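Take a look at the model below. We will walk through it step by step.

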Amino acid sequence: LQICKELFFDYQKFYEVEKWGNPDVLLDAINLFEKSITGLVEKQDLMQFLPKIDSITPDIDNFGSELSSCALNACTAIYDALEFLIDGNDEHINNIATYYSDTAFFRISESEILTTEAIDNHPMVVKARNFLIAETS
């Protein structure tokens, strides 16, 4: 959930720059995910968000920037989080960690020129790796 919240801000930035999409859909999905932690949420309520998220997910062929890649990762992370609640498949957790680490790489490469080793040791990449290890152990 924390990673989805963090990635949301990339989508928000994309929306502000491109004037495309709807961040409220992602916020509503995140809120529903939070609600599922403290109470019961029907699978149907979760499933209704999947096509909504699909409809606001940027197509890289139409935008093609690193910002749109980060927005795509935000959408797919939230989509996978909801799918995890629906079917319990741990693969969704792996996907979320991958989207996060990819986004970390995009952010780092956008602002700094680093060696592969420096990127691997960057705090954002380390956080993504630690998340993946913690959630799959």
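Which residue lies over the face of F49? That residue is K52, at 4.9 Å from the ring centre. Keep in mind that this is a predicted model.

Now go to helix α1, which covers residues 2-18.

The buried residues of α1 are I3, C4, L7, F8, D10, Y11 and F14. They cover an arc of only 165 degrees around the axis, so they sit on the same side of α1. Turn to the face that points away from this buried side. There you find the exposed residues Q2 and F9. Just after α1 comes K19, and K19 takes a positive phi of about 55 degrees.

The aromatic rings come next. A pair of aromatic rings is described by the distance of the centres and the angle of the planes. A search of the whole structure finds 5 aromatic pairs. One of them joins F14 and W20. Their centres are 6.2 Å apart, and the angle between the planes is 75 degrees. This pair is edge-to-face.

How accessible are these two residues? F14 has 0% relative accessibility, so F14 counts as buried. W20 has a relative accessible area of 30%, which makes W20 partly exposed.

F14 has another partner, F63. The ring centres of F14 and F63 lie 5.0 Å apart, with the planes at 85 degrees, so this pair is edge-to-face. F14 lies in helix α1, while F63 lies in helix α5 (residues 60-63). The pair therefore ties together parts that are 49 residues apart in sequence. F63 is partly exposed, because its relative accessible area is 23% and the buried class ends under 20%.

Which residues make up the aromatic cluster around these rings? Y11, F14, W20 and F63 form one cluster.

Finally, move along the chain to N89. N89 is found in the loop between α6 (66-87) and α7 (91-111). Its relative accessibility is 38%, so N89 counts as partly exposed. Compare its position with that of S55. N89 and S55 are 34 residues apart along the chain, and their C-alpha atoms are separated by 23 Å.

Conventions. Residues are numbered from 1 along each chain as its sequence is written. This is a predicted model: local features need pLDDT of at least 70, side-chain atom pairs count only at pLDDT 80 or more; totals for chains, interfaces and linings use all residues. Side-chain values use heavy atoms; hydrogens and water are left out. Helices (H or I, at least four residues) and strands (E, at least two) are DSSP runs, numbered from the N terminus. The expected span of a helix is 1.5 Å times one less than its number of residues. Buried means under 20% relative accessible area, exposed over 50%, partly exposed in between (1.4 Å probe, protein chains only). The arc is that of the directions from the helix axis to the C-beta atoms. Rings of Phe, Tyr and Trp (its six-membered ring) pair if their centres lie within 6.5 Å; planes under 30 degrees apart count as stacked, over 60 as edge-to-face and the rest as tilted. A charge sits over a ring if NZ of Lys or CZ of Arg is within 6 Å of the ring centre and within 35 degrees of the ring normal.
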